[in-house]
Amino acid sequence: MKVITANRLLDGEVVWQGADGAWVELLPQAQVLEGKEDVAAALALAEKSVANREVVEAYAIDVKDEDGRIVPVRLREVIRAAGPTTHPALGKQARPAVV
């Protein structure tokens, strides 16, 4: 399972590609992809957003289902999904959980 992630150019926010191709701020809202063809199609769509200067450095990451929640496999992506590591009251980790 994979999702497409990038950083929004307007404010640097970590974003994920949603089911309709729009960029969403929360990982649970991301479109989960299975299969090389789905990932390739999603990356092609993401490259249009890169060309339009909406996001930068779009790429696919591995995710897994953990107790009904989609979570990144790699620690780097776990940190990106949670927000800044400076204080737990800041960033995405301070928001209420979305399932």
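The side chains of D62 and K2 meet in a salt bridge, with N and O 2.5 Å apart; a salt bridge here is a side-chain nitrogen of Lys or Arg within 4 Å of a carboxyl oxygen of Asp or Glu. D62 lies in strand 4 (residues 55-66) and K2 in strand 1, so the pair ties together parts that are 60 residues apart in sequence. Helices (H or I, at least four residues) and strands (E, at least two) are DSSP runs, numbered from the N terminus. D62 counts as partly exposed, at 39% relative accessibility, and K2 is likewise partly exposed, at 27%. In these terms, buried means under 20% relative accessible area, exposed over 50%, and partly exposed in between, with a 1.4 Å probe and protein chains only.

The model is predicted: local features need pLDDT of at least 70 and side-chain atom pairs count only at pLDDT 80 or more, while totals for chains, interfaces and linings use all residues. Residues are numbered from 1 along each chain as its sequence is written, and side-chain values use heavy atoms, with hydrogens and water left out.

The structure holds six salt bridges. One of them joins R80 and E77, whose closest N and O atoms are 2.8 Å apart. R80 and E77 are three residues apart in helix 2, which means a separation of about one helical turn. Both partners are buried: R80 has a relative accessibility of 11%, and E77 has 4%. Elsewhere, salt bridges that share partners join R8, D11 and E25 into one network. D11 is partly exposed, with a relative accessibility of 48%.

Strand 1 (residues 2-8) and strand 2 pair in the antiparallel sense over three bridges; two strands pair if DSSP finds at least two bridges between them. The bridge partner of N7 in strand 2 is V14. The hairpin of strand 1 and strand 2 has five residues between the strands, and G12 takes a positive phi near 80 degrees there. The loop between strand 1 and strand 2 also holds E13, which is partly exposed at 21% relative accessibility. The C-alpha atoms of E13 and G83 are 8.7 Å apart in space, although the two residues are 70 apart in sequence.

Strand 2 (residues 14-17) is covered on both faces, with V14 and W16 buried on one side and V15 and Q17 buried on the other. Strand 2 also pairs with strand 3 (residues 23-24), in the antiparallel sense and over two bridges. Here Q17 has W23 in strand 3 as its bridge partner. Strand 2 and strand 3 form a hairpin with five residues between them, and in its turn G21 has a positive phi of about 90 degrees.

Most residues other than glycine have a negative phi. E57, in strand 4, has a positive phi near 55 degrees. E57 is exposed, with a relative accessible area of 60%. D67 is not a glycine either, and its phi is positive at about 55 degrees. D67 is found in the loop between strand 4 and strand 5 (69-72) and is exposed, at 79% relative accessibility.

Helix 1 (residues 36-51) has 16 residues and should span 22 Å at 1.5 Å a residue; its end C-alpha atoms are 22 Å apart, which agrees. The expected span is 1.5 Å times one less than the number of residues in the helix. V39, A42, A46 and S49 are buried in helix 1. These four residues cover an arc of only 70 degrees around the axis, which puts them on the same side of helix 1; the arc is that of the directions from the helix axis to the C-beta atoms. An α-helix has 3.6 residues a turn, so residues three or four places apart point the same way. On the other side of helix 1, K36, E37, K48 and A51 are exposed.

Helix 2 (residues 75-82) includes L75, which is exposed with a relative accessible area of 62%. L75, V78 and I79 form a nonpolar patch on the surface, with about 260 Å² of accessible area together. Patches are made of residues with over 30% relative accessible area and no salt bridge, with like charges joined within 9 Å and nonpolar side chains (Val, Leu, Ile, Met, Phe, Trp, Tyr) within 5 Å. Accessible areas come from the Shrake-Rupley method with a 1.4 Å probe; for residues, only the protein chains shown count as cover.
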